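Me: I'd like to learn how to read the features of a protein model, one at a time. Could you walk me through this one?

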Amino acid sequence: MGPHLTKDIAGLKRLVADLERLSAGNVTATDLMAVPVLNDWLHGVRIVSCLDGIVEGHPSHPDGHHVRTSELIAVFKDDGEHFARTLNSWYRLGWAREVKG
């Protein structure tokens with residue numbers, strides 16, 4: 001695991017802790033008055049890395065179904081196999097699509 005992944009893990013742990021506190025009703029306006037203020041804001045969209053392909057063995061989609069995964073978090077190779085961890089799931093990567101042009 002590289003140092004950037006360790007940093008990402010720490011950030012995700014903080015996120016989970018904050019979401020658990022929020023879900024439990026343990027976050028108040030008083031708790032958040034010192035956080036940065038964002039003015040002139042609107043909802044935006046940003047592109048994140050994901051995988052796009054044909055799935056096999058998925059619990060929610062039939063074999064041969066086209067899916068686009070949640071955000072791609074990590075990819076690694078072990079014992080000749082490639083694996084990916086998305087925000088929601090693990091995938092074993094089969095053959096890659098050939099991109100022309």
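Reply: Gladly! Let's begin with a term: helices are DSSP runs of H or I with at least four residues, numbered from the N terminus. Keep in mind that this is a predicted model. In it, aspartate 18 and arginine 21 both belong to helix α1, three residues apart, or about one turn of the helix.

Me: What do the side chains of aspartate 18 and arginine 21 form?

Reply: The general idea is that side chains of opposite charge can pair when their charged atoms come close. Here aspartate 18 and arginine 21 make a salt bridge, with 3.3 Å from N to O. Aspartate 18 is partly exposed at 40% relative accessibility, and arginine 21 is partly exposed at 36%.

Me: How many salt bridges does the structure hold?

Reply: There are four. One of them joins arginine 97 to aspartate 52, whose closest N and O atoms are 3.1 Å apart. Arginine 97 sits in the segment after β5 and aspartate 52 in strand β1 (residues 52-55), so this pair ties together parts 45 residues apart in sequence. Arginine 97 is exposed, at 52% relative accessibility, while aspartate 52 is partly exposed at 29%.

Another bridge runs between glutamate 81 and arginine 92, with 3.8 Å between the closest N and O atoms. Glutamate 81 is in strand β4 and arginine 92 in strand β5, so the parts they tie together are 11 residues apart in sequence. Through shared partners, salt bridges also join Asp52, Arg68 and Arg97 into one network.

Me: Now the rings, please. How many aromatic pairs are there?

Reply: The count is two. Phenylalanine 76 and phenylalanine 83 have ring centres 5.4 Å apart and planes at 25°; planes under 30 degrees apart count as stacked, so this pair is stacked. Phenylalanine 76 also pairs with tryptophan 90, edge-to-face, at 6.0 Å centre to centre and 80° between the planes. Together, ring pairs link Phe76, Phe83 and Trp90 into a cluster.

Me: Is tryptophan 90 buried or exposed?

Reply: Exposed means over 50% relative accessible area. Tryptophan 90 counts as exposed because its relative accessibility is 55%. Phenylalanine 76, at 38%, is partly exposed, and so is phenylalanine 83, at 23%.

Me: In which sense do β3 and β4 pair?

Reply: They pair in the antiparallel sense, over six bridges. Alanine 74 stands opposite arginine 85 in β4. The two strands form a hairpin with two residues between them, and aspartate 79 in the turn has a positive phi of about 55°.

Me: Which residues does threonine 69 touch, not counting those up to four places away in sequence?

Reply: Threonine 69 touches Cys50, Leu51, Thr86 and Tyr91. Its place is the loop between β2 (65-68) and β3. Buried means under 20% relative accessible area, so threonine 69, at 12% relative accessibility, counts as buried.

Technical notes: Residues numbered from 1 in each chain as written. Predicted model: local features only at pLDDT ≥ 70, side-chain atom pairs only at ≥ 80, totals over all residues. Heavy atoms only, no water. Phe/Tyr/Trp six-rings, centres within 6.5 Å; stacked < 30°, edge-to-face > 60°. Buried < 20%, exposed > 50% of the residue type's maximum accessible area, 1.4 Å probe, protein only. Pairing = 2+ DSSP bridges. Contact = heavy atoms within 4.5 Å.
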